[in-house]
Amino acid sequence: HLRPPIPQFCERIHAAPGVVNDYYLNLLDWSSSNQLALGLGPSVFIWDGNENQAHHLFSLGDPESYITSVSWCSSKDRLAIGTSDSRLEIWDVSHQSLFSRRSSQSSRVAALAWNNLHLTSGTIQGHILNHDLRVRRPTYSLCHHTQEICSLKWSLDGSVLASGGNDNLLNLWTPEFSPEPRFVL
């Protein structure tokens, strides 16, 4: 199975003023409907690859706060957005409206990952919270990392959660979500 070669030149270049210079932020995510979400400082922009147009989704009210993570839900036109001031917001992008707001984090929302109606978030303190969108509070919390969660990703079948942290650990969690990960790499 051959893959297409990696292009040597950019197809297009867009200005991105306000990108926060922090390696640990997750400021880009591409949807299944060819939309790119981008966190720029306190604002979120959506670039539509089909229309080749960008629009402003929203901005945070506090100029000291900034976007720390974005993640598209694969089955709906919803975008999860994490902030530096511990907010987790879910937006209905097609209607440009706020769907849900949660403030259960104790620090910045560093990483996000969807698994159907469940949204998993990671914090700068190394905590992982799972949010079932049908209930208001997180359904469970995991704490095995000693430093910031840098990345979260569910397996395609939703059976395993991978969490990577600044503590140089990769943990693999199974749906039983015992206090300890199933594997540590």
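1. Let's start with Asn34, which is partly exposed, its relative accessible area being 26%. You'll find this residue in the loop between β1 and β2 (35-40). Have a look at its backbone too: phi of Asn34 is near 70°, so a positive value in a residue that isn't glycine. Bear in mind that this is a predicted model.

2. With a relative accessible area of 40%, Asn52 is partly exposed.

3. On to the aromatics: how many aromatic pairs does a search of the whole structure find? It turns up two. One of them is Trp30 with Trp47, an edge-to-face arrangement with 6.0 Å centre to centre and 85° between the planes. Trp30 belongs to strand β1 (residues 28-30) and Trp47 to strand β3 (residues 43-48), so this pair ties together parts 17 residues apart in sequence.

4. Because Phe58 lies in strand β4 (residues 53-59) and Trp91 in strand β7 (residues 88-92), the pair links parts that are 33 residues apart in sequence. Phe58 is buried, at 7% relative accessibility, and Trp91 is buried as well, with a relative accessible area of 10%.

5. Phe58 comes up again in the core. The largest nonpolar core has 15 residues, and Val44, Ile46, Leu57, Phe58, Ile67, Leu79 and Ile81 are those with the most contacts inside it. Which elements give two or more residues to this core? They are β3, β4, β5 (67-72) and β6 (78-83). The largest share, three residues, comes from β5.

6. Setting aside neighbours within four places in sequence, Leu79 is in contact with Ala37, Val44, Ile46, Leu57, Val70, Ser71, Trp72, Glu89, Ile90, Trp91 and Val93.

7. One last thing to check is a charge over a ring. Arg78 lies over the face of Phe99, at 3.6 Å from the ring centre.

How values were computed:
Residues are numbered from 1 along each chain as its sequence is written. This is a predicted model: local features need pLDDT of at least 70, side-chain atom pairs count only at pLDDT 80 or more; totals for chains, interfaces and linings use all residues. Side-chain values use heavy atoms; hydrogens and water are left out. Rings of Phe, Tyr and Trp (its six-membered ring) pair if their centres lie within 6.5 Å; planes under 30 degrees apart count as stacked, over 60 as edge-to-face and the rest as tilted. Helices (H or I, at least four residues) and strands (E, at least two) are DSSP runs, numbered from the N terminus. Buried means under 20% relative accessible area, exposed over 50%, partly exposed in between (1.4 Å probe, protein chains only). A charge sits over a ring if NZ of Lys or CZ of Arg is within 6 Å of the ring centre and within 35 degrees of the ring normal. A nonpolar core is a set of buried Ala, Val, Leu, Ile, Met, Phe, Trp, Tyr and Cys residues joined through side-chain atoms within 4.5 Å. Contact means heavy atoms within 4.5 Å.
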